[in-house]
Amino acid sequence: MEKASNYIIDDQEAGLFRVNRRVFTDPECLQEERKRIFSHCWIYAGHESEVPHAGDYQSRTVAGHPIILVRGDDSVVRVLLNTCTHRGAMVCRQKRGSAKTFQCPYHSWTYNSRGQLIGVPGEDSYSTAFSRDEMALASPAQVDNYRGFVFVCFDPEAQGLHDYLAGAREYLDLVADQSELGMRIVPGQQSYSARANWKLLVENSYDGYHGLSTHQRYFGFLGDVGIDMRAQDAAIRSHQKVVNLGNGHAVIEYQVPWGRPIADWVPSFGEHRKAHFQELRRRFDERFGKERAWRICETSRNLGIFPNLVINDIMAVTIRTFYPVAPDYMEINAWALAPLDESADNSALRLDNFLTFLGPGGFATPDDVEMLESCQRGFLNREVGWSDISRGMKREHPSLTDELQMRTFWRRWNQLMTEPKVRRARKAA
Amino acid sequence: MAALPTRQEVEDLLYREAALLDEWRLEDWLEMLTDDAVYQVPPTDTPEGDARNSLFLIADDAVRIRSRVKQLLGRFAWAENPHSRTRRMIANVRVLGADGDDVLVTANFAVHRMRYESVDTYIGRYDYKLARVGKDLKIRERRATLDNEALRPHGKISFIL
């Protein structure tokens, strides 16, 4: 056995990979995850398009922290911790809006859109030791942006975002390059949940093995609207890859027969749209050359960025992030991402395409949630201690329906959960 | 323009619909819809949105509604196989007026879903556009706007809300 811990068995010689089901049920394990993973890794906080103008803000919870994503009057996008530095109340109480200042309703301390403290009623009651600078709204230890995707990290010593993303940058580029003007989050957030451990959704989001079984109803729907699933088999065989992107990130990339709103027309989109799609595609060919244009337009991707960000660039682009409230319960948020310069008609088509499969009312996501919840209930049988994630372990080129992508996640997860805490000591020395 | 239906006539229709949905008589429910019916559930944070430019939870045209019913009555809609129990409370029914030949109706709902010994309650408002087809009133538009701020802990809308 090459590697073993209390959490995983990673026997590369035999070709066996097992995950201890305790990691899905144990409250102590979740406590460790909060410390070792969510307080250490880069966590997706939002997209810069959600705050397009100075003063625009969104308040939300990111990895358990109430935060404000705000574009300051200096146009800089910041993430501020939504708690008054005085006594703690949340200074931003709306979900979104535009503001010059955030005023705490408790004692009227006032902060500007950069988070600086600009007003304290009765300030003369404080001693000379009191400093407005020190009492500005706090931020996560690190905040950075990669091509519009804003991330935070609560560990001041963690590696920077660029290096953290590693090979995932190439795949974020394939999404970001879908517009010449930039991408935007479409209004409407899908806020839902699952009575299941968060790591089950990581696995599920790029699991190519479950498609035909869990999503049989979706393929039935495609048949009803005239999409030939035999073409699907041929397409998947012609181009598929599974890549370990480093740092626990992984992706599957493949072709599908159901069309993509980025310049991949199929008959179900309607003849009247064909010319527009051809024109879009010609423009992609000009910008990127035929090979990259083909990859952007005609291949689909399920990208998992460690630990809890999924970007699936499939029949539409969805951003999905999730966070464990309890070992057996997670909150999930999902958005649609679209080109800023997309026509209203294509944008409507994109959203329509999105809803056929994705989201808590779609023809696929509810069945995924059902399966994750079913696994979680199954774990009550503690006598069955381990789950198996061994598919394709001995293959040189694992296929879409193998489980390399999940093993990539689990190996990184296990490393962070088991490595001795020496980093800080080393730095101090 | 024909006279508006009475509230009682509209209530009869909504109560019948609720009973058919609670009893999983979805084929019969389809008979209550016009051929061009739409069924929408807007996102919880954009309740007044338009499905053409906002990401909805559900935005079915007539083809999709029929496909949804076929799936729900088949074996492979795992989220509803076995079927949830549901119980709908419809109240505060108001006939608001006319839109051309159609009738605008609103009502409040509380839909309880029972599954695996959990009870999840969907609370909100229906907005209907009803069409006169011969002697009958049929449903041309059906929009269920949730007051729940998120589908938590519901997780999904896997039945017809």
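Let's start with what helix 9 of chain A packs against. Its buried residues meet helix 6 (216-224), strand 20 (317-326) and strand 21 of chain A, together with strand 2 (58-60) of chain B. Buried means 20 or more other C-beta atoms within 10 Å of the residue's own, with C-beta atoms placed from the backbone. Packing rests on contacts, meaning C-beta atoms within 7 Å. Helices (H or I, at least four residues) and strands (E, at least two) are DSSP runs, numbered from the N terminus.

A word on the source. This is a predicted model: local features need pLDDT of at least 70, side-chain atom pairs need 80 or more, and totals for chains, interfaces and linings use all residues. Residues count from 1 along each chain as written, while chains are lettered from A and ligands numbered from 1 in written order.

Back to helix 9, residues 344-357 of chain A. 10 of its 14 residues are buried, so the rest of the structure largely encloses it. Among them are Leu351(A) and Phe354(A). Just after the helix, Gly359(A) has a positive phi of about 95°.

Now Ala336(A). What does it contact, beyond neighbours within four places in sequence? Val186(A), Ala316(A), Val317(A), Thr318(A), Leu351(A), Phe354(A) and, from chain B, Leu55(B).

Ala336(A) is also among the residues with the most contacts inside the largest nonpolar core, which has 146 residues. Such a core is a set of buried Ala, Val, Leu, Ile, Met, Phe, Trp, Tyr and Cys residues joined through C-beta atoms within 7 Å. Strand 21 (residues 329-339) of chain A gives the largest share, seven residues.

Methods
A residue is buried if 20 or more other C-beta atoms lie within 10 Å of its own, exposed if 12 or fewer, and partly exposed in between; C-beta atoms are placed from the backbone. Two residues are in contact if their C-beta atoms, placed from the backbone, lie within 7 Å. The expected span of a helix is 1.5 Å times one less than its number of residues.
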